[in-house]
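Hi,

Here is the structure I promised to pass on. Have a look at it first, and my notes follow below.

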Amino acid sequence: MLLCLPALIPLAVIAAALVAPDREVWSHLSRFVLPEVTWTSLQLMVAVGVISGVLGTTLAWLTAMCEFPGRRFFDWALLLPLAMPAYVLAFVAVGFLDYSGPFQSWVRAWLGSSRWVPPVRSLGGAVLVLSLSLYPYVYLLARSAFLTQGRRALEAAQTLGYAPRQAAWRVGLPMARPWIAAGVALVCMETLADFGAVSVFGVNTFTTAIYRAWFGLFSIRGALQLAAVLMVFVLLAVVLERYSRAAPRFASARDGGRDQRRYPLSRLGATLACGLACGTFVVAFAAPMLQLIAWSVQRAAGDLDMRYLGFVARSLTLAGTAAVLIVSIGVLLAYIQRRAATPIASGAIRMATLGYAIPGTVLAVGILVPVIWFKNLVQAWLRGWLGSDAPALLLQGTLLTVLLAYLARFLAVGFNPVDTGLQRVTRNIDEAAVGMGVSGVALLRRVHLPLLRTSIATAAILVFVDVMKEMPITLIARPFGWDTLAVRVFEMTSEGQWERAALPAAVIVIAGLLPVALLTRRSSHVA
Amino acid sequence: MWLELERISKSFGTCRAVDALSVQLPQGAIACLLGPSGCGKTTVLRCVAGFESVDHGEIRIQQRVLSQPGRSVPPQQRRIGMVFQDYALFPHLTVWDNVAFGLHALPVGMRAERTAQMLEAVGLHEQRRRYPHELSGGQQQRVALARALAPQPELLLLDEPFSSLDVELRQRLSVEVRNLLKGLNTTALLVTHDQEEAFAVADLVGVMREGRLEQWDSPYDLYHRPATRFVADFVGEGVFVRGTVIEANAVQTPIGLIRAAAHRQWPAGSSVDLLLRPDDVIHDDASELRAEICQRAFRGAEFLYTLRMPDGTQLLSLVPSHHDHSLGERIGIRIEPDHMVAFAT
């Protein structure tokens, strides 16, 4: 129970703000901020959800069920955009396509005017960039649905008089619906949570509004209220996701492996399929990556100094500490769940792992508010005790609060792999080992550890990379001057210095490739 | 003939899954391909359904050619229904919609009528609004059957239709399915590795081995007149006893002279392996021939005893279970096969 507190407290704080709003702040917000922010966030969420849903499902169907040139390559290459945080793709796109960027300069050089180019820093730009960076969630889930549901149902439809294409539409797609819905729900959550990309595009959403309320207006209450309203939206997405998970899943993997024969496409179809996959891959990953590398090389000489090593060191320290802390707690929770699975304990764990759905800005605010309150309380008490000699406590803006916020946000990332790993270690395995006289610590060391090693490593890598990429929590809760790579990217992009943001971004993307490699290895086992 | 497979062959890479297999099936007959796993029986079914092409040979229904090397009518145009091993029900559709799925060509009114009729036939009208995952295994199987039969296919294929059910249900359903198919006069071909299932459902059974058809016969003849040693071994239980043919219906063996009606003329003096089924070895206290019990398996109504003869030959004997003898006991037996089933050594 205690271990779940860091995740539960911010939720409670935010919920309290929702239940008992501060009237004055509320009336200001509801008149000047909320209408615009809500409308923008809603437009963004719906558009990104639809576009990435269609794109992800189409690509998944093509790579899972059809045969076209380059399919094997695109099968995993289409997952690579997962490595590129949306804010990186965002600033590369803006840097490349903006008025002063290379694209419009060429256009002007060739055509004389670039006025017809639509503005990049707009809602439309944000929608495109977020869709391109988030579609892999849908792609991944839909693809595994298509692969595991097997060909039987499609064959059954064929024996009932449907041509393969009709069968795909009438049977294949509806059967994968729960997975696609789950993917779209994840995309919606990520879109609501996104802070970096929308701030690059100058689009006003909840997250940027919270950030501004916190840092610009120093209005803790305002930030809290906004966070609370955002949480309502997030909960909608969470409900959608949980609901689609709860919907009966019917994959029968047993015949999935045998006939991996795919539909041959017509010449035109194959060209279109290849073109779509290729285009997505280039626009969402290859081209921005090349641009990043080009800018990095350009700027490396000037920027690669001790200060830069400092960013890297701080990022690594933070990510490493967080990985160790979060995975340790994840392992503990997984064992608690296994040993004493009381409804209260598992309920608490479920609530605590909900943190992954909560936008970082919300969590940061939700953690900092009680921390500040606690500090004031202790300080007042100390002052009463020791008089004016009392030491000034500084709790907010310490690494401890940052780590607490990470714990709240990424507990699910550290817990889930370990938990699934532990579920594979069945009670029968335990009992077999005990029957052979291996128990207690020896059981953990000789049986559990070897079986869990990969799960723990996976969890640690995932947490590590997520913390590396994390932007809003670090930005809001970090100690003063404690700049990481992600913070550096934010600072450079908010000054419009795209080239100088490239080097730290490239490092983040390269770190991000690690879990994608893990993922493709695992999903190639499925295929 | 309704369905004709003429010397069809199918290879996957270097593996020859089906090898010059020919089968003929009259209208309304239920046939079964029986064989151990990996013998190619499912491939035959998939060739007939049109999911696989044939390398050689021809598949015809009512003289209409469905498959030839290089030419294959696509599955959706064959008018062949199929019940899959895992049923492959559409999980997102109700029972009703599953059964109606194949009736898309019919006008709405007839579609509903036909669906109701099929659900009535398999006794699932009450469950028509349920989803497949809310049904038991047996009910799912019946939905699959109703769905496949609804468009009135010219042929019904069943791929191990009972394998995921428990034994009791399997026996009951196999009888039900047979009655249903016979009632609708449906021509059907199923594959299974379970001989009891094959015998319970089919009029004709083909035993397959490594892509070849070993024997195509009625269940009775498969058991009592196996054409090859493999069939004799695979179908039913029994042991082979080495012996020498004395005359057409008598074989001299180490355990004595055995007489039985012969279907084949063996020249006197040829050395043969004689098949003795457990029901050929009869427990008889009055007999002088004695055997020692070295294993016993209780089967409810009867015991299956493994007996050792004085010379070391082992026999199987099926004995009513009130004859409860203990291991090591010596009992009297008579050896009385109805038919002489022998293979050259």
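V245(B) has V251(B) as its bridge partner in β13(B). The strands involved are β12 (residues 239-247) and β13 (residues 250-253) of chain B, which pair in the antiparallel sense over three bridges. Here, two strands pair if DSSP finds at least two bridges between them. The strands and helices themselves are DSSP runs, numbered from the N terminus: E for strands, at least two residues, and H or I for helices, at least four. Two residues sit between β12(B) and β13(B) in the hairpin that they form.

Before going on, a word on what you are looking at: it is a predicted model, in which local features need pLDDT of at least 70, side-chain atom pairs count only at pLDDT 80 or more, and totals for chains, interfaces and linings use all residues. Residues are numbered from 1 along each chain as its sequence is written, while chains are lettered from A and ligands numbered from 1 in the order in which they are written.

Back to chain B. β13(B) also pairs with β14(B), again in the antiparallel sense, over four bridges. In β14(B), L257(B) is the bridge partner of Q252(B), and this hairpin too has two residues between its strands.

Is I258(B) buried or exposed? It counts as buried, because it has 21 C-beta neighbours inside 10 Å. The cut-offs: buried takes 20 or more other C-beta atoms within 10 Å of the residue's own, exposed takes 12 or fewer, and partly exposed is in between, with C-beta atoms placed from the backbone. Leaving out residues up to four places away in sequence, I258(B) touches V251(B), T253(B), L274(B), I335(B) and P337(B). Contact means that the C-beta atoms, placed from the backbone, lie within 7 Å. V245(B) is 13 residues from I258(B) in sequence, and their C-alpha atoms are 9.7 Å apart.

β4 (residues 56-61) and β5 (residues 64-68) of chain B pair in the antiparallel sense over three bridges, with R60(B) bridged to V65(B) in β5(B). Which residue takes a positive phi in the hairpin of β4(B) and β5(B)? That is Q62(B), at near 50°, and the hairpin has two residues between the strands. Q62(B) isn't a glycine. Most residues other than glycine have a negative phi. Q62(B) lies in the loop between β4 and β5 of chain B and is exposed, because 11 other C-beta atoms lie within 10 Å.

β5(B) goes on to pair with β6 (residues 71-72) of chain B, antiparallel and over two bridges. S67(B) stands opposite S72(B) in β6(B). In this hairpin, which also has two residues between the strands, G70(B) takes a positive phi near 80°.

A20(B) is another non-glycine residue with a positive phi, near 45°. A20(B) is found in strand β2 (residues 15-25) of chain B, and it is partly exposed, with 14 other C-beta atoms within 10 Å.

Now for where the chains meet. 18 residues of chain A are in contact with 19 residues of chain B. On the chain A side, the elements that give two or more residues are α7 (152-159) and α8 (164-193), and α7(A) gives the largest share, six residues. By type, that side divides into 10 nonpolar, four polar and four charged. Nonpolar here means Ala, Val, Leu, Ile, Met, Phe, Trp, Tyr, Cys and Pro; charged means Asp, Glu, Lys and Arg; the others, Gly among them, count as polar.

On to the inside. The largest nonpolar core has 267 residues, and A90(A), I210(A), A227(A) and V463(A) touch the most other members. Such a core is a set of buried Ala, Val, Leu, Ile, Met, Phe, Trp, Tyr and Cys residues joined through C-beta atoms within 7 Å. Helix α6 (residues 123-148) of chain A gives the largest share of this core, 17 residues. Leaving aside neighbours within four places in sequence, V463(A) has contacts that include A322(A), I326(A), F410(A) and G414(A).

Last, confidence: chain A averages a pLDDT of 81, with 91% of the residues scoring at least 70. pLDDT is the predictor's confidence in each residue, from 0 to 100. Over residues 251-258 of chain A the pLDDT is below 50, and this stretch has 12 contacts in the model beyond near neighbours in sequence.

Cheers

Definitions and conventions
Two residues are in contact if their C-beta atoms, placed from the backbone, lie within 7 Å.
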